[in-house]
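Okay, everyone, thanks for coming. Let me put the model up, and then I'll walk you through the parts I'd like us to look at together.

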Amino acid sequence: MLIKKPADVASSEITPKRAYLSRRTFMVGAAAAGASLLAGRRLLEMASPAEVAQAGTKLSTVKGPFGTDEKLTPYKDVTTYNNFYEFSTDKDGPSQLAKDFRTRPWQVKVEGLVQKPRTFDIDDILKLAPLEDRIYRHRCVEGWSMVIPWVGYPLSSLLKQVEPLGKAKYVEFTTILDPKQMPGQRMRVLDWPYLEGLRLDEAMHPLAILCVGLYGEALPNQDGAPVRIVLPWKYGFKSAKSIVKIRLVEKQPINTWNQAAPGEYGFYSNVNPDVDHPRWSQRTERRIDGSGFFASIKKIPTRPFNGYGDQVAQLYAGMDLRKYY
Amino acid sequence: MTRTRWLKLAIFPACLVPLGLLVWKAATANLGANPIEAITHSTGDWTLRFLLVTLAITPLRKLTGQLWLIGLRRMIGLFAFFYGSLHFLTYIWLDQAFSVHSMAKDVYKRPFITLGFTAFVLLIPLAMTSTRKMIQRLGGPRWQWLHRLIYVSATVAIVHFTWALKKDHHRPIEYGIVLGVLLGYRVVVWAVPVVASKRRRAAAIANAAGD
């Protein structure tokens, strides 16, 4: 397999010490000072320090392959502009509503057509393989895109642990179902829990990662903490968040968006400028990279497989991508 | 000055507050990660809200007997057109960067854009004929018929909003319910006397036949 020349620097090196983060912490602290909420949180912190220290914890990473020298989307935008319908259908909703989402204890069950089914504790997942910085383009089906320095390792590293059987052809991912913590799940916008699926060869592809962080830190809750997948050549919704179950199966699994609107969201959902969404064009995209208002007027062309065609196009050789959108 | 005059003087700047907030947020880089989307959504939302307020004035006036309310209708209606124009301008300038080619394709290929465009175009004759002179020129009844286009425009605008969304339709549904009530009121007001007079006539005929 052709592996493109990686970017030369780890994201932890590029990323400036984000002054804004400490500012945000300060503002949140100031706003909450005196409030009973803070008192409650303090108690919680004293009782179980590990439980509050999750999102934002520094991770030690190594430089991964598949870099890009495009401008990174600012941390603030990656963490306040989120499609995470389990919390809210408003993009600025999840960052608020996911604040107290509990990511410990957390387990991921890997089962189905495998030799060694196993339930992984999140802390085992974090240690399963060296954590890599993977700077990927991220293209949303809605027509915007980001460049995000994810932290994770190949999904194949996890799947190999359970030894998929020959019969296994697909992988199904299930997001946590917890309407108490996730207000969006109390509305029937989608059929919960959120399901996603991949062909096994897609899941084993080196670009597909099991992701536990971004910007060198543990995943913020609104970005799919504590563990998600990232598939940079597919539209964003394929990259399931807050995963609790991975199942290897023989038949193509259901994926939630396809079930909700089969004519609009396919099983594959590879980024493809030649196949429009029935209601809007996919030819171009608006890059969110903090370049400012007027710079964002200019859209950039969307590339087949989100620019990862050299790596993944052969997975779909001979397939009619208009039919299997 | 009359009460309506004073009210208009107070309401006019209030109607500009949504625009002021947008400008303020844009100037202070507070429109979020996708400012153009934020502007598109905000101007679209306010267009619909002003359309619905415009449509609420007649029922309110009739139900409360507060005749002066009618004096506000033109201004509110023109603000609907104003925000609609900003929404349209956002699309052609910020979203499409004045690319005639891509807009032509969009209007032709995307039903939701086509509908939005239709809803906006329907408002143009209404804005143009909103002056006292034009009312006199057209004559009351004809002017009134023309201005019923707002029913079509508002309905089309709400379908446009629905089709623009990926999945969560609760907001267009809310707008739709309000519009349904406002138009439903008109149907009832129109139908009740018609039905009543038919009944009267039928009763009269029956009576005559009975004699």
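Let's start at E172 of chain A, which stands opposite G197(A) in β7(A). That's one spot in the pairing of β6(A) with β7(A), which is antiparallel and runs over five bridges. Before I go on, a reminder that this is a predicted model.

Now look at the other side of β6. Which residue of β11(A) does E172(A) stand opposite? It's R247(A). The strands here are β6, residues 170-175 of chain A, and β11(A), and they pair in the antiparallel sense over six bridges.

Keep going past β11 and you get to β2. Strand β2 covers residues 107-112 of chain A, β11 covers residues 243-249, and this pair is parallel, with four bridges. If you want a landmark there, take G112(A), which is opposite L248(A) in β11(A).

So what's the order of the strands in the whole sheet? In chain A it goes β3-β2-β11-β6-β7, five strands in an open sheet with mixed pairing. The edges are β3 (118-121) and β7 (195-199) of chain A; each has a single partner strand, so one side of each is left without a neighbour in the sheet.

Let me zoom out to chain A as a whole. Of its 325 residues, 43% count as buried. And if you take the contacts in chain A with a separation of 6 or more, 72% of them come from residues 24 or more positions apart.

Nonpolar side chains tend to be buried together in soluble globular proteins. The largest nonpolar core in this model has 61 residues, and the ones with the most contacts inside it are W150(A), L155(A), I209(A), L210(A), C211(A), V212(A) and I229(A). Which strand gives this core its largest share? That's β5 of chain A, residues 144-154, with six residues.

Pick L210(A) out of that group and see who's around. Leaving out residues up to four places away in sequence, L210(A) touches G152(A), Y153(A), L155(A), L158(A), V227(A) and I229(A). There's also a second, separate core, with 22 residues, and L55(B), A119(B), L123(B) and A157(B) are among them.

That takes us to chain B. How many helices and strands are there in chain B? Nine helices, zero strands. Its C-alpha atoms fill a box of roughly 80 × 50 × 35 Å along the principal axes. Buried residues make up 21% of the 211 residues in chain B. For the contacts in chain B with a separation of 6 or more, the share from residues 24 or more positions apart is 67%. On confidence, the mean pLDDT of chain B is 91, and 99% of its residues reach 70 or more.

Last stop, the interface. Here 18 residues of chain A are in contact with 14 residues of chain B. On the chain A side, that splits into nine nonpolar, three polar and six charged residues. For the complex, the predictor gives an ipTM of 0.78 and a pTM of 0.82.

That's my tour, over to you.

Note on methods. Residues are numbered from 1 along each chain as its sequence is written. Chains are lettered from A and ligands numbered from 1 in the order in which they are written. A nonpolar core is a set of buried Ala, Val, Leu, Ile, Met, Phe, Trp, Tyr and Cys residues joined through C-beta atoms within 7 Å. A residue is buried if 20 or more other C-beta atoms lie within 10 Å of its own, exposed if 12 or fewer, and partly exposed in between; C-beta atoms are placed from the backbone. Helices (H or I, at least four residues) and strands (E, at least two) are DSSP runs, numbered from the N terminus. Two residues are in contact if their C-beta atoms, placed from the backbone, lie within 7 Å. Ala, Val, Leu, Ile, Met, Phe, Trp, Tyr, Cys and Pro count as nonpolar, Asp, Glu, Lys and Arg as charged, and the others, Gly among them, as polar. Two strands pair if DSSP finds at least two bridges between them. pLDDT is the predictor's confidence in each residue, from 0 to 100.
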